[in-house]
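Here is a note for a colleague who is opening this model for the first time. Please keep the sequence and the structure in view while reading the numbered points.

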Amino acid sequence: MSTRTRMDAKSVTPNFFTTKIEETKAFYEAHLGFRSNFHQPGGYIGLQCGDNHATMLGFMAPPPGAPAGSPEGLMYGLVVEDVDREHERLVEEGVAVVDPPEDQPWGGRRMTLRDPNGILVMLFHPIPPDAEHAGYVVD
């Protein structure tokens, strides 16, 4: 058995290859409350939500010879105070909604939209899970 301690990551930043750096920056800043913490026009955008570096997303130009990333099978989940209020605001701002707010049996009221790269973005707030899913909740 190893006596070394485990790594303790301070944050996780998913990075997505895209050719739409500026459109992505505009979308996340204007509609989802992120702010840039690093911006190399056309090359990389680091986006931060809130005051700490624990909630960050990165979008970067593909390396030479590499394709842009595929959004298939990728979804970002953002916990919000009130998903219905966010839905109303986003619709007023002209953001296309994929799925309107709906209660989920696992314990969330959620809605989904797509960012300029086609990535699904789920906004949700916690609600009590149904009886079947309550047993799956781990504190």
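Which residue is the bridge partner of V79 in β8? The partner of V79 in β8 is F124, and the points below begin with the strands around that pair.

1. A word on the basis comes before the details. The model is predicted, with local features needing pLDDT of at least 70 and side-chain atom pairs counting only at pLDDT 80 or more, while totals for chains, interfaces and linings use all residues. Residues are numbered from 1 along each chain as its sequence is written, and side-chain values use heavy atoms, with hydrogens and water left out.

2. Strands β5 and β8 run parallel and are joined by 5 bridges, where two strands are said to pair if DSSP finds at least two bridges between them. Helices (H or I, at least four residues) and strands (E, at least two) are DSSP runs, numbered from the N terminus.

3. The aromatic side chains deserve a separate look. There are 7 aromatic pairs in the structure, counted when rings of Phe, Tyr and Trp (its six-membered ring) have centres within 6.5 Å, with planes under 30 degrees apart called stacked, over 60 edge-to-face and the rest tilted. The pair of F59 and Y76 is edge-to-face because the ring centres are 6.5 Å apart and the planes stand at 75 degrees. Since F59 belongs to strand β4 (residues 56-60) and Y76 to strand β5 (residues 75-79), this pair ties together parts that are 17 residues apart in sequence. F59 is buried at a relative accessible area of 0%, and Y76 counts as buried at 9%. One aromatic cluster is formed by F16, F27, Y28, F34, F59 and Y76.

4. Helix α1 has 12 residues (21-32) and reaches 16 Å from its first C-alpha to its last, close to the expected 16 Å, a span taken as 1.5 Å times one less than the number of residues. Its buried residues are I21, T24, K25, F27, Y28, H31 and L32, and after the helix comes G33, with a positive phi near 80 degrees.

5. K25, which lies in α1, is buried with a relative accessible area of 18%. Leaving aside residues up to four places away in sequence, K25 touches S36, H39 and I45, a contact being heavy atoms within 4.5 Å.

How values were computed
Buried means under 20% relative accessible area, exposed over 50%, partly exposed in between (1.4 Å probe, protein chains only).
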